[in-house]
Amino acid sequence: MPDTALITGASSGIGAEFARYHASKGGDVVLTARSEARLKALAAELEAAHGIKAHVFATDLGTGEGVYALVDEITQAGIQIDILINNAGIAPAPNEERFATAVANQMLRLENNVAATTPLNVITDMSDEDWDYMLKVHLYGTFYGSRAAARHMTPQRSGSIINISSVLGLRPTAMAPHYSTAKAAIIALTKSQSQELAPLGVRVNAVCPGYIDTPLLAPMNDLMKVAIVSQIGVGRLGTDDEIAEMVSFIASPKASYCTGEVFSVTGGYSG
C-alpha cells in the first residue's frame with residue numbers, strides 16, 4: 001500500500017506541489033491549511049487525476065493542543081500517517097525602501113566607504129509581536145507537528161518527518177533576522193529529533209530551499225527579484241516541483257540511510 005503523507009501548508013506553493021507529486025506516485029495525502037476552499041479544490045484535482053484519496057483538514061496549527069487534536073482526528077479516522085511534511089510558513093514582508101538602502105550600502109562597501117552607509121534599523125524597528133509571530137509559525141509549528149506525529153509513528157516503528165527550513169537558515173540575512181533565526185532553529189531541531197527517533201524507525205530530515213518561484217515571492221518588486229537572481233549560480237529562481245522531487249526522494253525508502261541530514265536546494269545561491 002502506498003504511503004500516506006500529511007502535508008501542512010498544502011493549499012499552495014511547495015506544499016500543494018508535493019501533494020501533486022506524491023499523488024502522482026499513487027500515495028494518499030492529508031491536506032492541511034487554513035483555506036478550506038483551496039484544500040477542497042486541490043483534493044478534487046488529485047482524486048480526479050490520480051484516483052487516490054485526498055483527505056482535507058482545514059485548521060490553524062498555531063497551538064500544540066490544536067495540532068494534537070488534528071493528528072488524533074486523522075488517526076481516529078483510520079488514516080495512518082507515514083510521512084509528515086512540516087511545510088506551513090509565511091514570508092517576511094518586503095520593504096522596498098530598506099532594500100534600496102541595502103543595495104546602496106553594498107555599493108558603498110565596494111567603494112571602501114563603509115563610514116557612509118545608512119543604518120537599516122531592522123533589529124531596532126522590529127516589534128516583539130513580529131518576532132514572536134515568525135518564530136511561532138515556523139519553529140513552533142514544526143515542533144508541534146513533529147511532536148504530534150511522533151506519538152503515532154514511534155509505536156508503528158516507521159515514519160519520515162521532513163522539516164522545511166530555508167537557505168536563510170544556512171546563510172542568514174540581515175533583512176530578515178526573525179525568519180533566518182526560525183529557519184536555522186528548525187535545522188537544529190531536526191538534528192535533535194533525529195537522534196531520538198532514529199532507533200525507533202522514524203527518520204527526520206530538513207530541506208533548505210533557496211528562492212523558489214511561489215506565491216510567497218509575489219510581494220517582491222522586480223528590482224528585488226533581479227538582485228536575488230544575480231546571486232543564484234544557475235541564474236534563475238527555483239520551481240516548486242524541483243523541491244517536491246527532493247522531498248519525495250527523502251521521504252522514500254531510497255533515502256532509508258538518511259536521517260538528521262540537511263538537504264540544500266538553492267541553485268548555487270551565494271548571498
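**Strand S2**

I started with strand S2, residues 29-33, and looked up how enclosed it is. Five of its five residues are buried, so the rest of the structure largely encloses S2. Buried here means under 20% relative accessible area, with exposed over 50% and partly exposed in between, using a 1.4 Å probe on protein chains only. Strands are DSSP runs of E with at least two residues, helices are runs of H or I with at least four, and both are numbered from the N terminus.

A note to myself on what I am looking at: this is a predicted model, where local features need pLDDT of at least 70, side-chain atom pairs count only at pLDDT 80 or more, and totals for chains, interfaces and linings use all residues. Residues are numbered from 1 along each chain as its sequence is written, and side-chain values use heavy atoms, with hydrogens and water left out.

Which residues of S2 sit on which side? I found Val29, Leu31 and Ala33 on one side and Val30 and Thr32 on the other, all buried, which leaves both faces covered.

**Partners of S2**

Next I checked the pairing, which takes at least two DSSP bridges between two strands. S2 pairs with strand S1 (residues 5-8) in the parallel sense, over four bridges. From S2 the chain crosses through helix H2 (residues 36-50) to S3, a right-handed β-α-β crossover. Right-handed means that, with the strands pointing away from the viewer, the path from the first strand over the helix to the second runs clockwise. S1, helix H1 (residues 13-24) and S2 make a right-handed β-α-β unit as well.

**The whole sheet**

In what order do the strands of the sheet come? I read S3-S2-S1-S4-S5-S6-S7, seven strands in an open sheet with parallel pairing. S3 and strand S7 (262-265) are at the edges with a single partner strand each, so one side of each has no neighbour in the sheet. From one strand to the next the twist averages 15°.

S1 and S4 run parallel, joined by three bridges. Ala5 turns up again here, with Ile83 as its bridge partner in S4. H1 packs on the sheet and touches S1, S2, S4 and strand S6 (202-209), with its direction at about 165° to that of S1. Helix H8 (residues 177-197) packs on the sheet too, touching S5, S6 and S7, and makes about 160° with the direction of S6. Contact means heavy atoms within 4.5 Å, and the angles run from 0 to 180 degrees between N-to-C directions of lines fitted to C-alpha atoms, for helices over the stretch in contact.

**Cores**

I then looked for nonpolar cores, meaning sets of buried Ala, Val, Leu, Ile, Met, Phe, Trp, Tyr and Cys residues joined through side-chain atoms within 4.5 Å. The largest has 31 residues, and Ile7, Val29, Leu31, Ile85, Ile162 and Val247 touch the most other members. Elements giving two or more residues to this core include S1, S2, strand S4 (83-86), strand S5 (159-164) and helix H10 (240-251). Another core, of 20 residues, lies apart from it, with Leu6, Ala150, Leu197 and Val204 among them.

Thr8 is in strand S1 and is buried, at a relative accessible area of 7%. Beyond four places in sequence, its contacts include Thr32, Leu61 and Asn87. Ser11 is in the loop between S1 and H1. Leaving aside neighbours within four places, Ser11 contacts Ala16, Ala33, Arg38 and Leu39.

**Cysteines**

How many disulfides are there? I count zero, taking a disulfide as a pair of cysteine sulfur atoms within 2.5 Å. The sulfur of Cys258 is 14 Å from the closest cysteine sulfur, in Cys208, too far for a bond. Cys208 counts as buried at 0% relative accessibility, and Cys258 counts as buried at 18%.
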